[in-house]
Amino acid sequence: MVSIKELPREEYLLKGHAACAGCGPSIALRLLFKALGNKVFLVVPACCTTVIQGPYPYTSFAVPLQNMLFEATGATASGIAAALRIRGLEDITVVGWAGDGGTVDIGIQALSGAAERETNFIYICYDNEAYGNTGLQRSGATPYGAWTTTTPTGKKERKKNMPFIMAAHKIPYVATACPSYPTDFVNKLRKAKEIKGTKYIHVLAPCPTGWRYDSSKTVEIGRLAVQTGIWALYEIENGKFRLNFPSDRLVDKAKRKPIKEYLSMQERFRHLTEAEIEKIQMWIDEDWEYYRKLASSEACV
Amino acid sequence: MSFPKTRKEMPLTPLSLPTVGSMGKTGSWRTFKPVVNYSTCTKCTLCWIYCPDGAITRREDDSPEIDYEYCKGCGICANECPVKAITMEREEE
Ligand SMILES: Cc1ncc(C[n+]2csc(CCOP(=O)(O)OP(=O)(O)O)c2C)c(N)n1
Ligand code: SF4
Ligand code: SF4
Ligand code: SF4
Ligand SMILES: [Mg+2]
C-alpha cells in the first residue's frame with residue numbers, strides 16, 4: 001500500500017482551473033495524475049471536466065487529451081489504443097474519464113462495445129450523481145430521494161449499479177473508489193495500469209454545487225458515504241469480489257454509521273421523510289448482505 | 001514539431017496550451033482565506049493531497065505553502081487538517 005508521502009509532487013492538473021471551489025472530481029483528477037504520471041492519453045466527453053480543462057486556447061491539463069462527443073468515450077478510446085499499439089507507443093496508458101451521465105446513461109453502449117472488444121484501457125467514471133455541467137439534471141446514477149432540477153421532489157428510482165454491469169462484461173478488473181481515500185484510489189489505478197484489457201473504476205466524487213453542502217465538506221462527505229456503507233470500496237478481479245479497507249471492516253451492521261448522518265449533511269436530501277430514510281437504510285443493509293455473501297464465497301460475479 | 005508558445009504560432013487545429021491560470025487568477029473567488037499555523041503543523045501532507053485546486057505546494061520538508069493567487073478558499077484543507085493547524089479567515093476588502 002502506497003503512502004501519501006510517496007506520491008509525486010508534480011502536478012498535471014494546473015492551478016487556476018475552472019472547477020467550482022471544493023470540487024470532488026478535481027481531487028480525483030489530481031490523484032489520477034499522482035498515480036499514473038503524465039504517460040497517459042485521456043479521452044474526455046462533454047462533462048464538468050471539459051469546463052475544468054479551461055477555455056481555448058488555454059487548458060489546465062498538462063497531458064495529451066482528446067475531447068469527444070458525449071456518447072463516444074469508449075469508441076474513441078478504442079481508436080486511440082489501436083493507434084498507439086500500431087505506433088509502438090504501448091507505454092502510454094489510455095484513460096477514458098467521463099461523468100456519470102456520460103457513463104451510465106449516454107455512453108454505456110460505446111463503453112460496453114469497448115469492453116467486449118477487450119480494448120486495453122482504463123475507464124474511469126467520476127460520479128457526482130447528476131448532470132453537473134448542464135445545471136444538475138438527474139442521471140441513472142442519481143440516488144433515490146435526491147433533489148435535482150428534473151427531480152424537484154426527489155428522485156423516485158434507485159441508482160444504477162454500474163460497476164456490476166461492467167463486471168458482467170467479464171473484464172479483468174472492476175473497482176470502486178472515492179477521493180476521500182486517496183491511497184486506495186492510487187493503488188487501484190496503478191494495479192489497473194498493469195493489467196491488460198478493459199479496466200473500469202467507478203469513483204464517487206462529491207460535488208458541493210450539486211449536492212448542496214458547504215465546499216469545505218467534500219472530503220468529509222465522501223468519507224461518510226463509505227462509513228455509512230452507501231458507497232462501498234471494493235475490487236472485482238477476474239470475477240472475484242473483495243472489499244477494501246475500510247469497507248472490509250464494515251460488514252457487521254453495527255460498525256456502519258446510520259445513513260441519516262450522510263443524508264442530513266446535504267440539502268439535496270433535505271425533504272426526505274423518516275420513512276424514506278428508513279427505506280434507504282434497508283436497501284443499504286440488503287446490499288451489504290449481498291457483499292458479505294460475495295466476499296465469503298468462491299463464486300465469481 | 002515544436003509546441004507553439006504563443007497564440008500566433010497556434011496551428012489551425014483546436015489545440016490548447018497547458019497554462020497555469022487558464023481560468024485567470026482564481027484566488028479572486030475567495031471570501032475566506034486559509035492560514036497555516038506552522039508551529040502546530042505536523043507536515044502530514046493531507047491538506048496538499050486533498051486540495052482540489054493544487055493550490056498547496058508541498059515544500060521539500062513536507063510543510064504546505066498556499067498559493068493565494070489560485071486558492072479558491074473552499075476550506076477543505078482547514079476541515080481536513082488533523083491538528084487544526086489551518087484556520088479560515090475572512091478576506092479584507
Ligand atoms: C448528445 C449530447 N446531449 C447532451 C449534451 C449536453 N451535455 C453536455 S455535458 C452534459 C452533462 C454531463 O453530465 P455527466 O456526464 O454526469 O458529467 P458532469 O457534468 O456531471 O461532470 C450534457 C447533458 C451533449 N453535449 N451531447
Ligand atoms: S458542478 Fe460539481 S463536479 Fe462540476 S465543477 Fe462544480 S463542484 Fe465540480
Ligand atoms: S482553501 Fe481550498 S483551494 Fe485553498 S488551499 Fe485550502 S483546499 Fe486548496
Ligand atoms: S493538514 Fe495540517 S498538519 Fe497536515 S500538513 Fe496540512 S497544515 Fe500541516
Ligand atoms: Mg455527473
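Modeller: Donors here are N, O and S atoms within 2.8 Å of the metal (3.2 Å for Na, K and Ca), and water is not among the atoms, so sites may look incomplete. This is a predicted model in which local features need pLDDT of at least 70 and side-chain atom pairs count only at pLDDT 80 or more, while totals for chains, interfaces and linings use all residues. Residues are numbered from 1 along each chain as its sequence is written, chains are lettered from A and ligands numbered from 1 in the order in which they are written, and side-chain values use heavy atoms, with hydrogens and water left out.

Colleague: Which residues coordinate the magnesium ion (ligand 5)?

Modeller: The donors follow the spacing D-x27-N-x1-A along the chain. At distances of 2.0 to 2.1 Å, the ion is coordinated by Asp100(A) through OD, Asn128(A) through OD1 and Ala130(A) through O.

Colleague: Is Asp100(A) buried or exposed?

Modeller: Buried means under 20% relative accessible area, exposed over 50%, and partly exposed in between (1.4 Å probe, protein chains only). Because its relative accessibility is 1%, Asp100(A) counts as buried.

Colleague: How many residues around ligand 2 are charged?

Modeller: A residue counts as near if one of its heavy atoms lies within 4 Å, and the shell includes Cys20(A), Cys23(A) and Asn128(A). Ala, Val, Leu, Ile, Met, Phe, Trp, Tyr, Cys and Pro count as nonpolar, Asp, Glu, Lys and Arg as charged, and the others, Gly among them, as polar. The shell holds six nonpolar residues, two polar and, as for charged, none.
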